[in-house]
Amino acid sequence: MKNSIKIALAGMLAMSSLGGTAFAQTAMADDDVTIVYMSTLKANNDDAAEYNRLQLQAEDSGEVAEAQAEVTADPEIVAALAEKSIELTNVIDVDTAANGGKVVYVR
């Protein structure tokens with residue numbers, strides 16, 4: 001039951017903080033960390049602009065390094081990525097959601 005509530009809340013968070021990205025396209029790793037895979041954005045035409053933004057950012061080594069530094073400075077994000085077996089080198093961007101949680105975009 002508790003997991004069902006978490007999944008429902010995660011869906012609402014993902015939809016509100018990502019401007020239309022459906023919760024099915026994200027993997028909730030923790031209550032305050034949402035992981036969004038770029039491949040799911042590419043598959044959804046509604047998210048094409050966000051995919052294109054991230055694609056450009058992925059080519060900017062300075063922007064990627066900044067996002068990865070933010071991840072390493074936050075133990076909660078590090079734990080969420082480890083739980084999903086996602087390596088730091090796959091992190092492209094980190095945003096702050098409306099509720100203060102983190103949205104981590106990965107390859």
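Is E50 buried or partly exposed? E50 is partly exposed, because its relative accessible area is 22%; buried means under 20% relative accessible area, exposed over 50%, and partly exposed in between (1.4 Å probe, protein chains only).

The model is predicted, so local features need pLDDT of at least 70 and side-chain atom pairs count only at pLDDT 80 or more, while totals for chains, interfaces and linings use all residues. Residues are numbered from 1 along each chain as its sequence is written, and side-chain values use heavy atoms, with hydrogens and water left out.

Start with the charged pairs. Side chains of opposite charge can pair when their charged atoms come close. A salt bridge is a side-chain nitrogen of Lys or Arg within 4 Å of a carboxyl oxygen of Asp or Glu. The whole structure holds 4 salt bridges. E50 and R53 form one through their side chains, at 2.8 Å from N to O. Both residues sit in helix α3, 3 residues apart, so about one helical turn separates them. Helices (H or I, at least four residues) and strands (E, at least two) are DSSP runs, numbered from the N terminus.

R53 is partly exposed, at 31% relative accessibility. The side chain of R53 also meets that of D93 in a salt bridge, at 3.0 Å from N to O. R53 belongs to helix α3 and D93 to strand β3, so this pair ties together parts 40 residues apart in sequence. D93 counts as buried, at 7% relative accessibility. D95 forms a salt bridge with R53 too, with the closest N and O atoms 3.8 Å apart. Here strand β3 and helix α3 are again tied together, because D95 lies in the strand and R53 in the helix, 42 residues apart in sequence. D95 is partly exposed at 29%.

Now turn to the nonpolar interior. A nonpolar core is a set of buried Ala, Val, Leu, Ile, Met, Phe, Trp, Tyr and Cys residues joined through side-chain atoms within 4.5 Å. The largest has 12 residues, including V33, A67, I77 and V104. Two or more residues come from each of β2 (33–37), α4 (61–72), α5 (75–83), β3 (91–96) and β4 (102–106). Helix α5 gives the most, with 3 residues. Another core, of 10 residues, lies apart from it and includes L41, Y51, A97 and Y105.

N44 lies between α2 (38–43) and α3 (48–58). N44 counts as buried, at 17% relative accessibility. The side chain of N44 reaches the backbone nitrogen of D46 at 3.0 Å.

Definitions and conventions:
Polar contact = N/O pair within 3.5 Å; in protein donor to acceptor, adjacent residues only side chain to side chain.
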